[in-house]
Each structure stands twice: as structure tokens, then as C-alpha cells.
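Morning, everyone. Please take a look at the structure on the screen, and then I'll walk you through one of its chains.

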Amino acid sequence: MTATMDTTLRVLVWLVEGTWQGCIDAAKPLLTQDAQITLLHVAPTEVEEAAAGALAGLLGRGRPGPGRHPAERISVLSAQEAAELLAAAEARLGRHAHRQAAGGRVERVVVQAAQGADLLVAARDGDRSRLGPASLGPATRFVVDHAPCPVLLVWPDQAPGVESIPPPPPHPPHPGPPARPPP
Amino acid sequence: MSRASFRELLGYWDERRRSQARDRLAGVPNALAETIALLLLAATLAFAVIRPRGLPEAVAAVPAALLMVALGILPVHAALDELGALGPTLGFLAAVLVLAELCEREGLFAAAGQRMASASRGRPVALLGLVFVVGAAVTAVLSLDATVVLLTPVVFATALRLRLRPKPHVYACTHLANSASLLLPVSNLTNLLAFRASSLSFARFATTMTLPWLAAIAVEWLVLRRFFAPDLVGRGEVVTQPKAGGAPRYAVAVLTLTLVGFGLASLVHLDPAVVAAAGALALAVPALRGRRARLADLGRAVGLGFLAFVAALGVVVRGVSDAGLGRLVDRLLPAGSSLWSLLAVAAVAAVLANLVNNLPAILLLLPAAAAAGPGSVLACLVGVNIGPNLTYVGSLATLLWRRVLRERDAEPAVAEFLQLGGLTVPAGLLAATAALWLMLRVLP
């Protein structure tokens, strides 16, 4: 992107329950006045499918009456909650943002939505008590791997200090080549 | 007409039917009868899984049962015998379904959601623990139907209210609906059927199944806690307990008394179905008076179509069993009460439940299991109750049908479900069966 073209920074902030505040707080100081912000929430469709599947497993029970199908109730609640979460996020951000509520396979939807963005802000999830390969959840891992733009990965709470680096192993696994005498 | 002459008439009619059937099926009567019986069962189950145009399952099951008798595959007296044996079980089932529905109307599930929300204080692992406690209790006391239909949406709403990711909690509900349904005869229709066939008392059933129930729940906890570790992160909102709208005390009291009544009834040899009916009545009368429910609502909760389906399925499976498959099941099902035979019984039951569904599976297995003793019956229950978690829809047949319906979009999600089932089911079967074996040895 050159200076003569559109210089607006387009930022996509991916919000997930439990960690969304961290994303907003991290994005807030970085944003220039004219940045275009999209707040994205993706409801995983598996949840609805799990509820519908459990009902299908009850052979012979017929179909619950109107408004009583668990998957339908979940779908309605899910839409309401997504809207509320996005509204709360916009309020926390303290400025206008485009709100986008989507549904589907979360990581795929996020990568698709990041098409054309200049920055994607996402929170780390995964098991943060043991830092290592599993400290990034599968969805975040997928997004980090496939995102078509730079990703700002945010600690949802306190970032660990440098003391979280484990001590080096006591002995090197392979002894290096013998040191050459200086010429 | 006197009872004796009625019997005679029945006997005569039966004999005539059978001789007619012999004439019709002359040549290869057994093989043909067996094939037709299996076809009728397959048609009944296929209809129940596919449910063309949303028609009730009984629409195919009742004609199939009638055909089974009309073709002479199942003698009239055997069909009546089967219906007579199922009758009290269906009554029991109806009472439990009404009880769960009325508890919902009294606000029990909403109150449970409130409590879970405030007690978890926004911590996802704490919420999962509470969902396990409530899910296991609701499944055990009010049956798996209550967990799937009534509790799951409440748990979802609770997670959303706390702004926590709902997936682990909803999956926990769907898994516990199956694996936490081992404890009481009322927890699952399969248990009710087995309870009748096993000659165990209500209290005996419950004490024997306590440890297997706990073992199955423990396995679910260990697996789900690890499997969903990436989603059990962050901190949700803290919700305080609102002053108004606490737990519906009357409903809780009736439920508690009903549970105590189940235990006492087995001491005085009173049918526990009567206790369940009394509990349902105790909730129904004030609800009807206070116009919180109409008679039509209770009628819908009873689910006459469902009861008709179960009765007809019982007759169809009896026909299949008598036509020859019963002997095969006899041979397949290991007898004895050693740990290995119990494990084998549970495994056979789990496989059968996964091929079709656990309802026809338990009906098919029960005659052979009951002959082998209560240990085998309970091992069958471990298999048919935990087994369905392998496929999240209860059976391969249903899974395949759902995949036909929506080929593309559900596929990756299905992989996740199957992975979770593959982790919990074998371990759950093993742990619960070992616990059952222990209880059978320890209890006098």
C-alpha cells in the first residue's frame, strides 16, 4: 500500500467469550484516528449440532413442540448474545466500530474475514499454565497459520514475565565440534 | 365372558393363526419368518430415524407390530405377553416425563442455571464442574430426556450469560445424558426396561449402579477437562444471585420425597411406578390449579406417540427374537459374572447400540441377559447407555442419515464429535464395568 492510495488502517478484532476484553484493551492504544475497525464474533455451529444430535439420539421421542427444540433455542440465544457481546466490546473500545456477527467453523470464518484487513487482533487461548506447543488452542493456531495479514496475538490477562523461560538443559544434547585453534 | 373362556378363545385364535401361517410359510418357514421379522424391524427403525415428513415414529412401528402378528411370525399370546410386560414400564416412563415437564414449568431448570451462574463466579472450569453436578443429577433423577431437551439450552444460556465459551458445557450435557444415566431405573428408558426384566429392587439397582455411575462420570470429567482445555480459558462476568426467583422449593421437595419413596417402595414391595405417578400428581394438581400448565400440556409431555412407539417396537423386537435372532443373541452374549464376561457383555451391548440405537438393542439383549442373571443385565445397561456417546447422535444409522441430509457443512464438526466419543466411550465402558464387577462382588 502506497501513501497516495487509501491509507486507512483496517483492523479486524476477533472476539471470543472469556478473552475478548484483552483484545479490545490491546487494540485501543494502537488505533489511529481514522482506522477502520471491525469487531468480529463467530458462533461455532458445532454447539447447535451437538444439541440437535443428542435429540436425534433419543429414538421415538418425536419432535418437541414449537419453541422447545433445544437446537432452536440455542440458535436464538446465540444470536442475541453475539449482538450483546459486540455492543459491549464497542462500548469498551469507546469509539465507532463495524460489528460483524457470524457463525460456522470459527477458525475458517475468521481467516476469511481477515481477507483485506491490515491487522488482525486475536487473543491467545489454549492451556497457558504450561507454556509450550499446546499453549495455543487449535482455533488460534489455525488462524495464526493461515491469516492473510499480520496478526497481533494478545495475552488475555497478565503477560508472563521473562522468568517464565525454563532454565536451559544442564548438558547440551550433542557435544559440538572441537574448537579450532585460532589461525 | 369369563376369563377362562376368553383365554380359550385366544388360544384357539392363536392356534388357527399359527396353522394358517404354517401353511403360508410352508417350505422354508423359519428362514422366511426370520427374514420378514428382520425386515419389519429394519423398516420400523429406518422410519424412526428418517421420519419422513416429520410423521411420528409410531406410524410405522404400530403397523409393523400388527403385521408381525398377522403374518403369524409372533403368536398373539406372545405379543400380548410382551405388551403386558411393557405396560407398567410405559406408565412409569409417562410419570417421569410429566414430572420433568412440571419441574421445568415450576422453574427448576432456570433456577439451576441461576445457581450455576452465580456459584461459578465466571470461572470456566468451575462452571464445567457445576454443569457436571447438575447434569448428572438431572439425568439420574429426571431421565436423560430432561437433560437433552430441558437442561442443555439452560446450560448454554448460562455460559453465554457469563460470557464464557459454551462448547465444553453443552458437550458435557450431551455426554452426561448418556453416561450419567446409569444410576436409577428412572434415569433412562433402557434402565426401566432392564429393571423389569432383572427382578432387582429399586434400592438394589441404585446401590449396585452407584459406583459404575460415578466411574463413568469421572472418565467424562477427565477427558472433557483435557479435551476442552483450550476453550476453558479466560474469565467471564460475575453474576450475583438475584433475590427474587430462587429455587422452587415445592418442586424440589416433591422430587426429594419421590426419590425417598422409590427407596421405601422397594422395601414394602410397592411398584415404584406408583410412587412416580404420585410425585407427578403432587406437582400436576397445583400447576393445573394455578394455571401454570394445562391438561393438554401434560398430555403432550406424556407423549402418547412415544409410548405407542415403544410398545410397538417391543412387539416387533420380540418377533425378531422369537423368530431366531434370540438364539444368536444367546450364543453371542457370554454368561457368567467374571470381569471378562461382564466386559464382553458391555462391549457387545455397546456395539449393538451403536449399530441401530440403544432402545432396540436393549430389547433384543434383555431375554438372554435376564436369563444369565442381574450382573449381565446391568453390564448390558453399561454398554447401551455409555455406548451411544461414540457417535454423538446415538447410532451409526442416525449419523449416516444426518450426513446424507447435509453432506458438506457438518463434516468437520462430526470429526470432533467422533474424536471425543472415541476418547470417552472405551475408557468409560472399562471403568464402569470394572466398578460394576466390584459392586457385584462386594454387595451381599
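Let's start with one helix pair. Helix 15 of chain B passes helix 16 of chain B in a right-handed crossing. A crossing is left-handed if the near helix is turned anticlockwise from the far one by less than a right angle, and right-handed if clockwise. Helices here are DSSP runs (H or I, at least four residues; strands are E, at least two), numbered from the N terminus.

A word on the source. This is a predicted model: local features need pLDDT of at least 70, side-chain atom pairs count only at pLDDT 80 or more, and totals for chains, interfaces and linings use all residues. Residues are numbered from 1 along each chain as its sequence is written, and chains are lettered from A and ligands numbered from 1 in the order in which they are written.

Back to that pair. Helix 15 covers residues 358–372 of chain B, helix 16 covers residues 374–386, and they pack at about 165 degrees with axes 8 Å apart. Axes are lines fitted to C-alpha atoms, for helices over the stretch in contact, and angles run from 0 to 180 degrees between N-to-C directions. So helix 15 of chain B is roughly antiparallel to helix 16 of chain B. The cut-offs: under 35 degrees is roughly parallel, over 145 roughly antiparallel, 65 to 115 roughly perpendicular, and the rest oblique.

Who touches whom? On helix 15 of chain B, the residues include Ile362(B) and Leu365(B); on helix 16 of chain B, they include Val377(B) and Cys380(B). Contact means C-beta atoms, placed from the backbone, within 7 Å. This contact of helix 15 with helix 16 of chain B has 9 nonpolar, 3 polar and no charged residues. In this scheme Ala, Val, Leu, Ile, Met, Phe, Trp, Tyr, Cys and Pro are nonpolar, Asp, Glu, Lys and Arg are charged, and the others, Gly among them, are polar.

Next pair. Helix 7 of chain B and helix 9 of chain B (residues 202–227) pack at about 155 degrees, axes 10 Å apart. They are therefore roughly antiparallel to each other. Among the residues that meet are Tyr171(B) and His175(B) in helix 7 of chain B, and Ile217(B) and Glu220(B) in helix 9 of chain B. The classes there are 7 nonpolar, 2 polar and 1 charged.

Third pair. Helix 4 (residues 76–105) and helix 8 (residues 189–198) of chain B pack at about 140 degrees, axes 10 Å apart. That makes helix 4 of chain B oblique to helix 8 of chain B. Helix 4 of chain B passes helix 8 of chain B in a right-handed crossing.

Now the whole chain. Chain B has 18 helices and 0 strands. A compact globule of 444 residues would have a radius of gyration near 22 Å; chain B has 23 Å, which agrees. That radius is taken over C-alpha atoms, and the globule rule is 2.2 Å times the number of residues to the power 0.38.

What about the partner? The contact takes 48 residues from chain B and 39 residues from chain A. Helix 6 of chain B gives the largest share of chain B's side, 9 residues.

Finally, confidence. The model scores ipTM 0.83 and pTM 0.86. Chain B has a mean pLDDT of 86, and 90% of its residues reach 70 or more. pLDDT is the predictor's confidence in each residue, from 0 to 100. Over residues 22–28 of chain B, pLDDT stays under 50.

How values were computed: Two residues are in contact if their C-beta atoms, placed from the backbone, lie within 7 Å.
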